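Me: I would like to learn how to read a model like this, feature by feature. Please give the general idea first, then the case at hand.

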Amino acid sequence: MPVNKYEIEREVMKLIYITQHFSSKSGLTRPYEISKHLKKLGWEILVVCGENQDDVTDIAVKTTRTKYNQKYGFVKRVLSFVHYMLKSILLALKEKDVDAVYASSPPITVGIAGALVAKMKHRSFIFEVRDVWPDAPIQLGFIQNRSLKKIMIRIERWLYKAADQIIVLSPAMEKNLVKKRG
C-alpha cells in the first residue's frame, strides 16, 4: 500500500471547522463537542464561527463577528449569512498546513464557504448537513420565489457533489439525501 509522505512528516492533522453558530454552553453545543472529541484524537482544530459568546479557550476559535438573531427578518438573516460566509472564507484561507475542511450547516452558506475553502486549498471537504436546506425554508414559506428556489436547489446539488464526505443526523435525512443525489 502506498504511503503518503505528507502523513509521515506530520503527525498532527489540522482541520478547519466552519460553523456559524458555536457555543460550549447553550443548546448549540454539537460543534463544540465534536471539536473537543477530534482534539482528543490528536487533531489540531480551528473553529471559524460567527460569534464566540462563551469565550471558549480549550479550542482555537476565530470569529467573523457576525451578528445573528432568530428574530431577524428574511433580508437581515440573508445579509448575516452572506457576511459570515465571506468573512469565514477570508479567515480560513489565511490558515497554513490545513488537512481538511469541515463545514456544518445550516445555513447553506456555511457549506458554500467550506466547499470553496477546500477547493482553493486542494483539501478534503466534509459537509455536515444538520438541517435539510433548502427544503426547510421552502416548505416553511420563507423562500417563495421560483427562481430563487431553483438557485438554492442547484447550490445544494453542487455542495453534495463537492463534498468528499457527507454527514447527516438521521436515517430520514440520509434517505432524503440519497434520493436527491440519484
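Me: What should I know before reading any value?

Reply: This is a predicted model, where local features need pLDDT of at least 70 and side-chain atom pairs count only at pLDDT 80 or more, while totals for chains, interfaces and linings use all residues. Residues are numbered from 1 along each chain as its sequence is written, and side-chain values use heavy atoms, with hydrogens and water left out.

Me: What pLDDT does the protein average, and where does pLDDT stay under 50?

Reply: pLDDT is the predictor's confidence in each residue, from 0 to 100. The protein averages 86, and 91% of the residues score at least 70. Residues 1-10 stay under 50. For that stretch the model has 7 contacts beyond four places in sequence; contact means heavy atoms within 4.5 Å. Where pLDDT is low, the predicted coordinates should not be read in detail.

Me: Is Gln-20 buried or exposed?

Reply: Buried means under 20% relative accessible area, exposed over 50%, and partly exposed in between (1.4 Å probe, protein chains only). Gln-20 has a relative accessible area of 3%, so it is buried. Its place is in the loop between β1 and α2 (30-40). Helices (H or I, at least four residues) and strands (E, at least two) are DSSP runs, numbered from the N terminus.

Me: Which residues is Gln-20 in contact with, leaving aside its neighbours within four places in sequence?

Reply: The partners are Cys-49, Gly-50, Glu-51, Thr-66, Tyr-68, Ser-80, Phe-81, Tyr-84, Pro-107 and Val-110.

Me: Why does Lys-175 count as exposed?

Reply: Lys-175 counts as exposed because its relative accessibility is 66%. This residue lies in helix α7. Lys-175 and Asp-58 are 117 residues apart in sequence and 36 Å apart in space, C-alpha to C-alpha.

Me: How many aromatic pairs does the structure hold?

Reply: Rings of Phe, Tyr and Trp (its six-membered ring) pair if their centres lie within 6.5 Å; planes under 30 degrees apart count as stacked, over 60 as edge-to-face and the rest as tilted. The structure holds 6 such pairs. One of them, Tyr-17 with Tyr-102, is tilted: 4.6 Å centre to centre, with 40° between the planes. That pair links distant parts of the chain, from Tyr-17 in strand β1 (residues 14-18) to Tyr-102 in strand β4 (residues 100-105), 85 residues apart. Tyr-17 and Tyr-102 are both buried.

Me: Why is the pair of Tyr-68 and Phe-81 stacked?

Reply: The ring centres of Tyr-68 and Phe-81 are 5.5 Å apart and the planes are at 25°, so the pair is stacked. Tyr-68 sits in the loop between β3 (60-63) and α3 (74-93), Phe-81 in helix α3, 13 residues apart. Tyr-68 is buried, with a relative accessible area of 18%. Phe-81 counts as buried at 11% relative accessibility. Together with Tyr-72, Tyr-68 and Phe-81 form one aromatic cluster.

Me: How do I read cavities and pockets?

Reply: On a 1 Å grid over the protein atoms alone, a cavity is a set of points where a 1.4 Å probe fits but cannot get out, and a pocket is an open set with protein on both sides within 12 Å along at least five of seven lines; lining residues have an atom within 4 Å of a point. Grid points are joined across faces, edges and corners, and a volume is the space filled by probe spheres set on the points. There are 2 cavities of 30 Å³ or more. The largest cavity has a volume of about 60 Å³.

Me: Which residues line the largest cavity?

Reply: They are Ser-105, Ile-108, Phe-127, Val-129, Asp-131, Trp-133, Glu-156, Leu-159 and Tyr-160. The largest share of this lining, 3 residues, comes from α6.

Me: What lines the second largest cavity?

Reply: This cavity has a volume of about 30 Å³. Its lining residues include Val-132, Val-168, Met-173 and Lys-180. Helix α7 (residues 171-181) gives the largest share, 4 residues.

Me: Which residues lie nearest the centre of the largest pocket?

Reply: His-21, Tyr-68, Arg-77, Phe-81 and Pro-107 do, among 38 lining residues. About 960 Å³ of space lies in this pocket. α3 gives the most to its lining, with 5 residues.
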